[in-house]
Amino acid sequence: MRIAAGLVLLGTLVAGEALAQVRVQGTVTDEEGKPVAGAKVTLQSDRAGIETATTDRRGKWGALLEMGGPWNIDIEAEGFVPTKGSIQLSEVGRTPPLKTTIRRVPEPEPEPEPEVASTVPPEAVEAVRKGEEFLAQKMFKEAVVEFEKAQAILPDHLQLKQALARAYYGAGQIDEAVGLLKQVHAADPTNNAVNLLLVNLLLEQGKLEEGKTLLQQLPQDAIEDPMILVNVGILFINKENPREAHDYFTRAIGVDPERGESYYYRALAAVQLQRLDDAKADFEKAIELAPDSSEAAEAAEMLKQFK
């Protein structure tokens, strides 16, 4: 599972000549670097109101804003996890393009049907059966209804809580899913599959410190997908903490040294840390590992600034 991935500002702002409207543009891609067309981009400022844009077939969008300052940016696309972020825009000079990677709504992993004792009322058994069928068909709201019926009868059943949490997540009820997964974590802190899912949902909620704390408690070999570490690093970049971001991107490379995007994001952190030689090496590595990716194209543009 990959979170939404967040907004990363590429390059540095260059001073302009006079205060004017702010032109902002960006690109939205999926986890494989493919452009996402038809994504809705909503930009909101307490001072200037709301502006919207839609990505074209190349995943590109643009908007002309009345003023700079802090802007919240929300991105939504059918079949993808909504992404939220923010950026400080300057009213002088050119604002470099924004790059956003959004994560597809994950396929529900098959869950073993919760074991129900023979003494359990048949209506609970039937509700679990229906809930599993709805979950397999991605009919999440219907699955929620059935699993809630079963949970009313089996309030302490951990497997049922996990199944209901997945149904809640698919139905967009993130708070409810997190609440159930926290209950499972409290009852069984060694369940790393549940813990990783909980970390991902906490990060989606923007609860960086809570997600980071839980992630640090997991054994290193429990993390098989480096993107969870990349997502944490991106959140630290957005919070202008490149040092911690760099550490998480390095951990992601340790999990899978063949993923070019991990080097690309570590290079961005290195630029902010003024470690330009390290950044150059990582940009070159990103191009070497994934020459056709959008990260490689952006890395090539960044490398031009080193000459």
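**A buried lysine and its surroundings**

Analyst: At 3% relative accessibility, Lys99 counts as buried, where buried means under 20% relative accessible area, exposed means over 50% and partly exposed is in between, using a 1.4 Å probe and protein chains only. This is a predicted model, in which local features need pLDDT of at least 70 and side-chain atom pairs count only at pLDDT 80 or more, while totals for chains, interfaces and linings use all residues. Residues are numbered from 1 along each chain as its sequence is written, and side-chain values use heavy atoms, with hydrogens and water left out.

User: Where is Lys99 found, and which side chains does a polar contact join to Lys99?

Analyst: Lys99 is found in strand β8, residues 98-101; helices (H or I, at least four residues) and strands (E, at least two) are DSSP runs numbered from the N terminus. The side chain of Lys99 has a polar contact of 3.2 Å with that of Thr29 and another of 3.1 Å with that of Ser294. A polar contact is a pair of N or O atoms within 3.5 Å; within protein, one must be able to donate a hydrogen and the other to accept it, and residues adjacent in sequence count only if both atoms are side-chain atoms.

User: OK, zooming out: how many helices and strands does the protein have, and what share of the residues count as buried?

Analyst: The protein has 11 helices and 8 strands, and 48% of its 307 residues count as buried. Its accessible surface comes to about 15,200 Å², with 49% of that belonging to carbon and sulfur atoms; these areas come from the Shrake-Rupley method with a 1.4 Å probe, and for residues only the protein chains shown count as cover.

User: And which residues touch the most other members of the largest nonpolar core?

Analyst: Those are Phe147, Leu215, Ile228, Phe249 and Phe283, in a core of 63 residues. A nonpolar core here is a set of buried Ala, Val, Leu, Ile, Met, Phe, Trp, Tyr and Cys residues joined through side-chain atoms within 4.5 Å. Leaving out residues up to four places away in sequence, Phe147 touches Val128, Gly131, Glu132, Leu135, Leu160, Ala163, Leu164 and Ala167, a contact being heavy atoms within 4.5 Å. There is also a second, separate core of 21 residues, which includes Val22, Val41, Ala53 and Ile87.

User: What about helix α7, is it enclosed or exposed?

Analyst: Helix α7 is largely enclosed by the rest of the structure, because 10 of its 12 residues are buried. Among the buried residues are Met227, Ile228, Asn231, Gly233 and Phe236. The helix covers residues 227-238 and reaches 16 Å from its first C-alpha to its last, close to the 16 Å expected at 1.5 Å a residue, where the expected span is 1.5 Å times one less than the number of residues.

User: Switching to charges, how many salt bridges does a search of the whole structure find?

Analyst: The search finds 16 salt bridges, each being a side-chain nitrogen of Lys or Arg within 4 Å of a carboxyl oxygen of Asp or Glu. One of them joins Arg275 and Asp278 at 3.1 Å, N to O, with Arg275 partly exposed at 34% relative accessibility and Asp278 partly exposed at 36%. Glu126 forms another with Arg129, where the closest N and O atoms are 2.5 Å apart.

User: How are Glu126 and Arg129 placed in helix α1?

Analyst: Glu126 and Arg129 are 3 residues apart in helix α1 (residues 122-136), so about one helical turn separates them.

User: And which salt bridge is there for Lys285?

Analyst: The side chains of Lys285 and Glu288 meet in a salt bridge at 3.7 Å, N to O. Lys285 and Glu288 are 3 residues apart in helix α10, so they too are separated by about one helical turn. As for networks, salt bridges that share partners join Glu126, Arg129 and Glu133 into one network.
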